[in-house]
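Below is a short note on the model you sent for comment.

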2 protein chains.
Amino acid sequence: MNVKRTDEKIIRKQVEIFKALAHPTRLQMVQMLSEGELCVCVFQEAFGIDFSTVSRHLSVLRNAGIVSDEKRGKNVFYCLVRPCVLEMCACLENDGHCRCGNAE
Amino acid sequence: MNVKRTDEKIIRKQVEIFKALAHPTRLQMVQMLSEGELCVCVFQEAFGIDFSTVSRHLSVLRNAGIVSDEKRGKNVFYCLVRPCVLEMCACLENDGHCRCGNAE
DNA sequence: ATAATATTTGGCTAAAATAGCAAATGTTAT
DNA sequence: ATAACATTTGCTATTTTAGCCAAATATTAT
């Protein structure tokens with residue numbers, strides 16, 4: 001069998017990104033960032049969870065290269081640096097099923 | 001603060017899909033299915049892991065609605081029913097970063 | 001320099017995900 | 001009916017992830 005196999009390095013990077021998105025809080029965070037940068041404290045208020053937890057979630061997103069952070073004064077602002085994740089979510093909302101009949 | 005929040009039900013579904021993709025073996029499986037349906041045994045050979053493990057991975061993908069299965073004779077064939085996941089992967093390969101300056 | 005505010009990091013525990021083995025199921029061949 | 005083959009399911013050990021508290025760090029205000 002000669003099936004397509006993607007380079008392992010690429011797969012690992014993609015997995016890291018999907019893993020980062022695979023949590024309700026983090027996915028909401030990404031959605032919230034669609035309209036512009038936000039300060040850590042905004043997420044804390046929005047979710048009502050511990051600051052440390054918010055910070056950890058944001059660092060997962062940052063390590064995956066989905067968001068970047070910038071310190072200004074006392075605050076740290078996060079913003080989306082890989083907007084295509086929003087398109088991915090949109091695509092999934094469309095529930096875009098399509099039966100396959102491409103093989104045999 | 002009045003930030004965008006996505007409906008929780010939608011978020012949960014999206015999380016399930018991202019979670020399903022967030023594993024190197026499963027992501028490779030999806031890639032391999034890009035060219036058409038494949039039988040469980042093909043995956044088993046390709047990865048050299050236990051049949052039970054292959055089967056479990058496939059069921060994660062099926063439960064998330066990414067693939068569907070069809071039994072024919074002794075074999076079970078899986079195929080992609082949500083091809084947009086391939087576009088998502090392609091998008092991530094392009095490493096499409098873009099600094100934001102959209103807020104203030 | 002000290003205090004107050006905002007965020008991150010270390011340590012910990014509970015919960016979820018992974019992978020293999022063995023047993024169960026379903027299908028075809030004898 | 002029995003055997004052989006392909007796949008799934010039950011169980012268990014191991015690893016990873018999540019979330020809280022407390023402590024550390026950095027910045028601004030006093």
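**Notes on the model**

1. Between them, chain B and chain A bury about 4900 Å², and 64% of that area falls on carbon and sulfur atoms. Three residues, B:Lys4, B:Phe18 and B:Leu92, account for 14% of what chain B buries against chain A, more than any other three residues. The model is a predicted one, and the values here should be read accordingly.

2. The contact draws 51 residues from chain B and 51 residues from chain A. Polar contact across the interface of chain B and chain A comes to four residue pairs, with both partners at pLDDT 80 or more. Salt bridges across that interface number zero by the rule applied.

3. Which elements of chain B make up the side that touches chain A? At least two residues each come from α1 (8-21), α2 (24-32), α3, β2 (67-72), β3 and α5 (84-93) of chain B. The biggest contribution to this side is that of α1(B), with eight residues. By residue class, the side of chain B that touches chain A has 28 nonpolar, 12 polar and 11 charged residues.

4. Turning to the DNA, 23 residues lie around DNA strand C, and those that come nearest are A:Ser55, A:Arg56, A:Tyr78, B:Arg56 and B:His57. Of the atoms of DNA strand C that come within 4 Å of the protein, 65% belong to sugar and phosphate. The surface near this strand is built from both chains: α3 (40-47), α4 (51-63) and β3 (75-80) of chain A, and α4 (51-63) of chain B, each give at least two residues. Its residues split into seven nonpolar, eight polar and eight charged.

5. Individual polar contacts to DNA strand C involve base, phosphate and sugar positions. B:His57 places a polar side-chain atom 2.6 Å from a phosphate oxygen of DNA strand C. From A:Lys74 the partner is a polar backbone atom, 3.5 Å from a sugar or linking oxygen of DNA strand C.

6. DNA strand D is likewise surrounded by 23 residues, the closest being A:His57, B:Ser52, B:Ser55, B:Arg56 and B:Tyr78. Sugar and phosphate make up 66% of the atoms of DNA strand D that come within 4 Å of the protein. The residues of the surface near DNA strand D fall into seven nonpolar, eight polar and eight charged.

7. What does A:Arg56 approach on DNA strand D? An N or O atom of its side chain is 3.0 Å from a base nitrogen of DNA strand D. Two or more residues of the surface near DNA strand D are given by α4 of chain A and by α3 (40-47), α4 and β3 (75-80) of chain B.

8. Over all chains the structure holds two disulfides. One of the pairs is A:Cys84 with B:Cys91, at 2.4 Å from S to S. A:Cys84 sits in helix α5 (residues 84-93) of chain A and B:Cys91 in helix α5 of chain B, so this pair links two chains. A disulfide is a covalent bond between the sulfur atoms of two cysteines.

9. The salt-bridge count over all chains is 10 by the rule applied. One of the pairs is A:Glu8 with A:Arg12, whose side chains meet at 3.7 Å, N to O. Because A:Glu8 and A:Arg12 are four residues apart in helix α1 (residues 8-21) of chain A, about one helical turn separates them. Side chains of opposite charge can pair when their charged atoms come close.

Conventions
Residues numbered from 1 in each chain as written. Chains lettered and ligands numbered in written order. Predicted model: local features only at pLDDT ≥ 70, side-chain atom pairs only at ≥ 80, totals over all residues. Heavy atoms only, no water. Near = heavy atom within 4 Å. Polar contact = N/O pair within 3.5 Å; in protein donor to acceptor, adjacent residues only side chain to side chain. Nonpolar A, V, L, I, M, F, W, Y, C, P; charged D, E, K, R; others polar. Contact = heavy atoms within 4.5 Å. Buried area = accessible area lost by both parts, 1.4 Å probe. Salt bridge = Lys/Arg side-chain N within 4 Å of Asp/Glu carboxyl O. Disulfide = S-S within 2.5 Å.
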